[in-house]
Amino acid sequence: MSTAPTSHSSFLFEFLRLLASERQIPAATLADVVLFAVSEKDTLRFAVPLSLRDRLDAWASEHGLRAASARVGGRRVGDWTVLSPDAGDDIALVVYGRAQEDVERLCSAEVAGDPAVAGRLLGYPACCIAAYEQHASNPTTWVERMVAKSGPGPYPCWANRLPLQRGAITFIGELYPCSFRCTAAVAHGRRVYAAMRQLGLESLAQQTLEQSLYPVDHAAGRIEFTA
Ligand SMILES: [Zn+2]
C-alpha cells in the first residue's frame, strides 16, 4: 500500500473537524471515510439533518467528489432509524464518490430500500449484505442473532459494531457484519485499522482498538472481544 498523498490527509482531517463540531454526523461514518481516503472505497453515504447537507457538500466538492442526495424521513425501530421517503423529508441522504454513475445508483438504491444494490456499491461483503436484510427485518434482536450465529466468545474485535451504541468509533463503520467472526468483515475492520495508521492517525487507531476490545453487557449476555 502506498503512502497517502497530502490531499488525502487534508480530506480526512477536514472531515474529522466536521465530525468533532457536528454531533449529528454519525461516528460510524469515520471508518468509511478513512477507507475512502486511502482509495479502498468508492462511495460514501451519510444520513444527516438537512441543515448539515451544505457543509458536507462543501467538504466533498472541495475534494472533487461527485454527489447525489435525496430527502427522506426516519422511523425509529429499536436502536435503528429506518429511512424512507414515506417517513418524512427532514433527513438528507447524501452520497459521494468518484464516479457520478455510482453515486446516483447508490442514492437511488438507498431511497428505494434496496440493500443488496446499496451494499454492493458501498463495497460490503456479500455474506454481510445478505445478513443485513435479516437484521433489518427485526432490528431489535440483531445483536442476539449475531451472538447466536457467532458461537461462543470471545470474538475478534475487528467486526465489533457494538461500541457505536455508546457513541464510540469502530473499525467496522456502517457495515453490519453477518457474524462477529465473519472473515470478510474482520478483514474490512483490519483494513480500516491499517489505513488509520497509514494516514498517521496512530492515536485514533489505538483508541479505536481499545474501545473495540471493551466487553459489552447486553441482554444476550456479556460479550467479550479479543484482538
Ligand atoms: Zn459476512
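Which residue takes a positive phi in the hairpin of E2 and E3? That would be Gly 78, with phi near 60 degrees, in a hairpin that has 2 residues between the strands. Helices (H or I, at least four residues) and strands (E, at least two) are DSSP runs, numbered from the N terminus.

## What kind of model this is

This is a predicted model, so local features need pLDDT of at least 70 and side-chain atom pairs count only at pLDDT 80 or more, while totals for chains, interfaces and linings use all residues. Residues are numbered from 1 along each chain as its sequence is written.

The protein chain has a mean pLDDT (the predictor's confidence in each residue, from 0 to 100) of 91, and 96% of its residues reach 70 or more. Over residues 1-5, though, the pLDDT is below 50, and this stretch has 7 contacts in the model beyond near neighbours in sequence. Two residues count as in contact if their C-beta atoms, placed from the backbone, lie within 7 Å. Where pLDDT is low, the predicted coordinates should not be read in detail.

## The sheet

Four strands make an open sheet, ordered E1-E4-E2-E3, with antiparallel pairing. Strands E1 (43-49) and E3 (80-84) sit at the edges with a single partner strand each, so one side of each has no neighbour in the sheet. From one strand to the next, the twist averages 40 degrees. Two strands pair if DSSP finds at least two bridges between them.

Going through the pairs: E1 and E4 share 7 bridges, and Arg 45 has Val 95 as its bridge partner in E4. E2 and E4 are also joined by 7 bridges; here Ala 68 partners Val 95 and Arg 66 partners Gly 97. E2 (residues 66-77) and E3 are joined by 5 bridges, with Gly 74 partnering Leu 83 and Gly 73 standing opposite Ser 84.

How many residues of E4 are buried? The count is 7 of its 7 residues. Buried means 20 or more other C-beta atoms within 10 Å of the residue's own, exposed means 12 or fewer, and partly exposed is in between, with C-beta atoms placed from the backbone. In a regular strand the side chains alternate between the two faces of the sheet. Both faces of E4 are covered: Ile 91, Leu 93, Val 95 and Gly 97 are buried on one side, and Ala 92, Val 94 and Tyr 96 on the other.

Helix H4 (residues 100-112) packs on the sheet and touches E1, E2 and E4 (91-97); its direction makes about 15 degrees with that of E2. Axes are lines fitted to C-alpha atoms, for helices over the stretch in contact, and angles run from 0 to 180 degrees between N-to-C directions.

## Helix H6

Cys 128, Ala 131 and Tyr 132 are buried in H6. They cover an arc of only 120 degrees around the axis, which puts them on the same side of H6. That arc is taken from the directions from the helix axis to the C-beta atoms. Helices H5 (115-121) and H8 (183-198) are among what covers these buried residues. On the other side of H6, Ala 126, Glu 133 and Ser 137 are exposed.
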